[in-house]
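Welcome, and please open your viewer.

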Amino acid sequence: MSGRGGGIAVIYKSNFKCKQCTALSTFSSFEATLFEVGRSDTVLCAVIYRPPKYHKDFVTDFSEFLAGIMPNYDRVLMVGDFNIHVCCPDKPLAKDFLSLIDSFNFVQCVSGPTHEHGHTLDLVLSYGLPVLNLEVCDSVFSDHMPVLFDVGFSSAVVRPVVSARRCRSFNPSAAGQFSAAFDQLCAPPASTPLGTEEISSWFHSSCTIILDSVAPLKT
């Protein structure tokens, strides 16, 4: 990555079994170093650096990055300087980024400023891992503050609680059945004048009845 800033380093104790991984793709909008911790029930760790200059492809790139790694791991820990003001969730980039990590069921664990200008830029994102005793310490050598925390690398997997969703399985066969049933739908009698809201309600109710018949909701 060219330009000012950047560069990632990972230092670990020798008693940890760590193996560096190669990302499926590289992206121009951020840097990433990935490594696995443990031999069984592996934890994927990633260190991220995103330059402060705006890059229009960052959210798309990071979404592709997550989509490439998340199906392969039950436990993921991601840390780094994202240079995104997550403390200002109404800003467009922060809003899109927070929505993205939420869609992958990550928990953003840092609250409070991590930079001398008062913004939260350095993040700890966890999936399936308890992050404990997190502390943002005073800065000595940098304009960023060190973020210290404990992680439980036990054998028990702590999966995020995801609300059950009901959805329909709508395949070509169901589409054909819906079309045939819709063609046989009888309109309200012309002798009964209906307003726009009544017609809309009738149409919605009729379509729902047909859908429940050909593609019922399932959890």
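How many residues does helix 1 have, and how far does helix 1 reach from its first C-alpha to its last? Select residues 58-69: helix 1 has twelve residues and reaches 17 Å, close to the 16 Å expected at 1.5 Å a residue (1.5 Å times one less than the number of residues). Helices (H or I, at least four residues) and strands (E, at least two) are DSSP runs, numbered from the N terminus.

A word on what you are viewing: this is a predicted model, in which local features need pLDDT of at least 70 and side-chain atom pairs count only at pLDDT 80 or more, while totals for chains, interfaces and linings use all residues. Residues are numbered from 1 along each chain as its sequence is written, and side-chain values use heavy atoms, leaving out hydrogens and water.

Next, show the side chains of Phe58, Asp61, Phe62, Phe65, Leu66 and Ile69, the buried residues of helix 1 (buried means under 20% relative accessible area with a 1.4 Å probe, protein chains only). They sit on the same side of helix 1, because they cover an arc of only 135 degrees around the axis, taken from the directions from the helix axis to the C-beta atoms. Their packing partners are strand 2 (31-37), strand 3, strand 4 and helix 2, where contact means heavy atoms within 4.5 Å.

Now pick Phe62 alone. Leaving aside residues up to four places away in sequence, Phe62 touches Phe30, Ile48, Met78, Phe82, Phe97, Leu100 and Ile101.

Widen the view to the largest nonpolar core, which has 28 residues (a set of buried Ala, Val, Leu, Ile, Met, Phe, Trp, Tyr and Cys residues joined through side-chain atoms within 4.5 Å). Phe62, Phe65 and Met78 are among the residues that touch the most other members. Helix 1 gives the largest share of this core, five residues. Apart from this core lies another, of eleven residues, including Phe35, Cys45, Val124 and Leu129.

Six strands form an open sheet in the order 1-2-3-4-6-5, with mixed pairing (two strands pair if DSSP finds at least two bridges between them). Then zoom in on strand 3 and strand 4, which run parallel and are joined by six bridges; Val47 stands opposite Val79 in strand 4.

Finally, show the whole protein chain: four helices and eight strands.

Notes: Buried < 20%, exposed > 50% of the residue type's maximum accessible area, 1.4 Å probe, protein only.
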